[in-house]
Amino acid sequence: MMSYVDQELTVEDMLADPIVQTLMRYDGISASDVRHTIDQVNQNRADNPPQLVATSTHHNRQHWAAPHPTSNGVRHNAA
């Protein structure tokens, strides 16, 4: 069994998870639907790259986000 402590799962890891597969079946979504959606998002990002700004750090990782058009670039994400 693989340990996921402080490690992000790949899409393929998530799609291989039995619980995710059960939920996807229940919702009528296939792994190919998910991959297709990801491909579309990646294509849209390539066509229109956002201006990214650092918003916060969490667990030694920098989080990036497109700035809100009316903000000063500072974001607060309440938990």
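pLDDT is the predictor's confidence in each residue, from 0 to 100. This is a predicted model, in which local features need pLDDT of at least 70, side-chain atom pairs count only at pLDDT 80 or more, and totals for chains, interfaces and linings use all residues. Residues are numbered from 1 along each chain as its sequence is written, and side-chain values use heavy atoms, with hydrogens and water left out.

**Stop 1: the whole chain**

Start with everything selected. The protein has 3 helices and 2 strands, in the order α-α-α-β-β from the N terminus. Helices (H or I, at least four residues) and strands (E, at least two) are DSSP runs, numbered from the N terminus. Now color by confidence: the average pLDDT is 76, and 56% of the residues score at least 70. Of the 79 residues, 5% are buried; buried means under 20% relative accessible area, exposed over 50%, and partly exposed in between (1.4 Å probe, protein chains only).

**Stop 2: strand E2**

Select residues 61–65. This is strand E2, where confidence is lowest, at a mean of 57. Where pLDDT is low, the predicted coordinates should not be read in detail.

**Stop 3: helix H2**

Next, select residues 18–27, helix H2, where confidence is highest, at a mean of 96. How many of its 10 residues are buried? The count is 1, so H2 is hardly covered. Just after the helix, click on Gly-28, which has a positive phi of about 75°.

**Stop 4: the salt bridge**

Which residue pairs with Glu-12 in a salt bridge? Select Arg-35: the closest N and O atoms of the two are 2.9 Å apart. Glu-12 sits in helix H1 (residues 11–16) and Arg-35 in helix H3, 23 residues apart, so the pair links distant parts of the chain. A salt bridge is a side-chain nitrogen of Lys or Arg within 4 Å of a carboxyl oxygen of Asp or Glu, and the structure holds 1. Glu-12 is partly exposed, with a relative accessible area of 42%, and Arg-35 is partly exposed too, at 35%.

**Stop 5: a nonpolar patch**

Finally, select Leu-9, Val-11, Met-14 and Ile-38, which form a nonpolar patch on the surface with about 270 Å² of accessible area together. Patches are made of residues with over 30% relative accessible area and no salt bridge; like charges are joined within 9 Å, and nonpolar side chains (Val, Leu, Ile, Met, Phe, Trp, Tyr) within 5 Å. Accessible areas come from the Shrake-Rupley method with a 1.4 Å probe, and for residues only the protein chains shown count as cover. Ile-38 belongs to helix H3 (residues 31–47).
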